[in-house]
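Q: I'm new to reading protein models. Could you walk me through some features one at a time?

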Amino acid sequence: MTLINPALLAALGLAVIPVVLHFIMRAKPKRVIFPALRLIKLRRRQNVRRMRLRHIWLLLLRIAVIALIVLAVARPTLPSADYGLSVSEGSWLAVIVGLALAVYWLAVWRWKQRSLAQHVLTYRRTMLRGTTGGLAAVAVLLLVVWPYWERVSVEMTEPLTAADQDLPVSAVLMIDTSPSMDYRENNQTRLEAAKAAGSQLLSNFVGGSRVAVFDSSSSEAVPVQADLAAAKSRIEGLTTQPVTIPLNRRLMTAVRLQIEERERELGISESNNANAADAETVSDRFVREIYVLTDLSRSGWRMSSAEFLHGELARAPWLHVYVIDVGSESPRNVAITEVRFSQQTASVGDDVTLTATLSALNVDTTEPQAVQLRLLNDQGKRVVIDKTSVTFDAGSGHRDLEFTLGNVQIPFVQGEVRLAGSDPLPADDVRHFTIAVRAAPKVMLVGESANGVARWREALEALRFVVQYEAFDTFAKANLNGIGCVFLVNVRRPANDDWIRLERFVKRGGGLAVVLGDSDINAEAYNQPESAQAILPAALIANVAFLGKPASLDIPNANHPLVKQLSDIDDTWAGLINVYRRWAVRTTADATVVARYDIHRSHPAILERVVGSGRVVMITTGDELDLWSNIAANWPFLALNEQTVQLLTGRSDEVSNWVAGDDVLVRRTPRTKDSPTTMLRLPDLQQHPLEKSDAQNITVSETQAVGSYQLQEAGTSIAGFSVNMPIGESDFTRLTEAELNALFGEGRYSVTHDLDELERIINNTRMGEELFRYVLTLVLLVFCGEHLVANRFHENANAAASTNTDVAS
């Protein structure tokens, strides 16, 4: 134990005052005349013993009051540890005290019921107090004090390295700059609160301290520097960024920096085992600390790799970690968390439906929220073309809003869905979008007859695809140039040359759909190993009927691009299809089962296979009603045709909406040596040239800014895409204590909400646990005890004197 003010211990001499007062003010015996001297002498001996004991107790309590007051003013401290009682220790203490009191009061009550003489009752009661008190004290020593001392002594002998209050600090300030830190409360963003706290921390550091300022949007290791003014300037210049690095990953860099700095200061190398072994015993001239200023939103951390930070901190037991929580305890927010499209890549003249999802958190009003749909014009200005409103019940919830874009045109449509009002977090009030527009894909429909493909042709033409029917007899001479995909519907006996031709077509990037809905199909023609099986996802076995009731479809993966849109519209769509007959097939090793039959789930209904740059889709049932299936009689037939063409022509792979920080893949028109330089127009309308390349697909890495981007050649826009911040930034779910323990290790960190509390925690960490409040509590208890004993003492003395006087008279 150490003392902050040891000189004040001289005041312990004041403890002599109660001794002097005790002898001056002690009660003097009174002489009384009474004939029954034997009884008086016996009673006198009992009173003398009792009075002497009370004299001693009263004297000790008065000495203790003064001694404890002096000790409290001297402010003793102990090494950092948890000096509070644990749950088990507190429970045992309560049980022991309760049991002792119960035994005492029960025994006294029974003695009073027996009408014992007063002196006998007094004597028994005194003995009972001593016995129960002694037994209770032994029980407290064994069940409370001993476990308490075992636990605290371990914490006292293995604490984090204590430091002198005046030592300079080598600190890393880790400031969270994720978008959620833009949340505004009390007219101050969370980042502004973190920057103010960081600047105040720098002002509190003693001379000679060194600081490194980290943020979560940069991966660079910032060196520690003695220029605190430069560090403060860096803090003031921090802004939130849409692209951030998980805080625990940045903290690992900070911990390694502190380890390397300490080893450099002490001349210790990890390769030198002897020096490394002495690292814990060498005195460091710096107090080494890490301050994390964050809103503690879970989205800023990666819990899947929490053990790595935990492991790094285990290498540095001398390092103190302080988490300064600047987050809101009850955030309120309305956010646009997602915008979905009926099709990300549309054909010229299509109508595209946008579905915006709005999320409300702790809203306290039922007033409607205005939402606008804005499109970007050629000058980059946003024009409102539609608006609506949505109402949330008080509390939290989600709402979907739909907008329709009609008659879209090449090459793309860009815009945003935006909340017209304002809320504490403006960053998630807008969602940018891009819809790529292409010429309608050309589909070649091949069948034995026009009637046999009539339903397929009707559906494809209703979707505004350019459909070219080709009888199978003339397919060998058909020109496949410009064809996006081929539908092979119920073709009975394709030749080997047909498969070889289709293989070349698919490998170059074309798509092939094979529909098996005819009993006269020749299985051997589809099972030719060197041609058909080189591209088909399955080999044919036989066509069989479902006995009893018809089968429906079962979808093992609703997120597959072929069925995702149908599942988003109605996740029960597969149950609308009744299948009476199918082709049993044997899948290839690299095929994907998109749908299967619910009666025999090992039997595939729709399969997909990637071949070269293209894809092949196989459907193992036909469209003939009451014989094969009712697939063509229900609405999913139209959507299934649309998604099949989108998949086979590569449009399902074409993504135009990305998250900030992604490497964006953009498809553009084929290049020639005379093609002009491609320029990238950023959301702020600045332009940068892209690296010259003849590739049709180009990768763009400059996606740190949120908004809409365009690729331009000779002043004409040829492609575009949009970038949004991660959806998780609208999630204010906070880290739990268990998650913090997983990240830092239990007992390896301190969490605080303000700088005053932080200062107390730092003082306890550097100087040990101050006992001031505990000593003052003892002073209060002892003072109350002294007051009680003094009153009982004088009351009994007066009562005894009064009794003796009455008897004498």
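A: Helices (H or I, at least four residues) and strands (E, at least two) are themselves DSSP runs, numbered from the N terminus. Here strand 12 and strand 13 form a hairpin with five residues between them. In that turn, Gly-380 has a positive phi of about 80°. Before we go on, note that this is a predicted model, where local features need pLDDT of at least 70, side-chain atom pairs count only at pLDDT 80 or more, and totals for chains, interfaces and linings use all residues. Residues are numbered from 1 along each chain as its sequence is written, and side-chain values use heavy atoms, with hydrogens and water left out.

Q: How many bridges join strand 12 to strand 13, and which way do they run?

A: The two run antiparallel, with eight bridges between strand 12 (residues 369-376) and strand 13 (residues 382-390). To trace the pairing by eye, find Val-371, whose partner in strand 13 is Thr-388. Then try Gln-372: its partner in strand 13 is Lys-387. Gln-372 also has a bridge partner in strand 15, namely Arg-418. Strand 12 and strand 15 (residues 412-419) are antiparallel too, joined by five bridges.

Q: And how should I think about side chains along a strand?

A: In a regular strand the side chains alternate between the two faces of the sheet.

Q: Let's do helices. Which residues of helix 10 are buried?

A: First the general idea: an α-helix has 3.6 residues a turn, so residues three or four places apart point the same way. We call a residue buried under 20% relative accessible area, exposed over 50%, and partly exposed in between (1.4 Å probe, protein chains only). In helix 10 (residues 454-462), Trp-456, Ala-459 and Leu-460 are the buried ones. Look down the axis and those residues fall within an arc of 95°, so they line one face of helix 10. That arc is the one spanned by the directions from the helix axis to the C-beta atoms. The face turned away from the buried side carries the exposed residues Glu-458 and Ala-462.

Q: What do the buried residues of helix 10 pack against?

A: Packing is about contact, meaning heavy atoms within 4.5 Å. Their neighbours include strand 17 (442-447), strand 18 (466-471) and helix 14 (636-648).

Q: Can we try another helix? Which residues are buried in helix 9?

A: Those of helix 9 (residues 306-314) are Ala-306, Leu-309, Glu-312 and Leu-313. Down the axis they fall within an arc of 125°, so the buried residues line one face of helix 9. Their cover includes helix 7 (247-266), strand 8 (320-325) and helix 15 (737-744).

Q: Which residues make the nonpolar surface patch?

A: Trp-92, Val-95, Val-138, Leu-142, Leu-143 and Trp-146 make a patch of about 590 Å². Helix 3 (87-113) and helix 4 (118-157) are the elements giving two or more residues to it, and helix 4 has the largest share, four residues. Trp-146 is found in helix 4, and at 51% relative accessibility Trp-146 counts as exposed. Patches are made of residues with over 30% relative accessible area and no salt bridge: like charges are joined within 9 Å, nonpolar side chains (Val, Leu, Ile, Met, Phe, Trp, Tyr) within 5 Å. A salt bridge is a side-chain nitrogen of Lys or Arg within 4 Å of a carboxyl oxygen of Asp or Glu. Accessible areas come from the Shrake-Rupley method with a 1.4 Å probe, and for residues, only the protein chains shown count as cover.

Note on methods:
Pairing = 2+ DSSP bridges.
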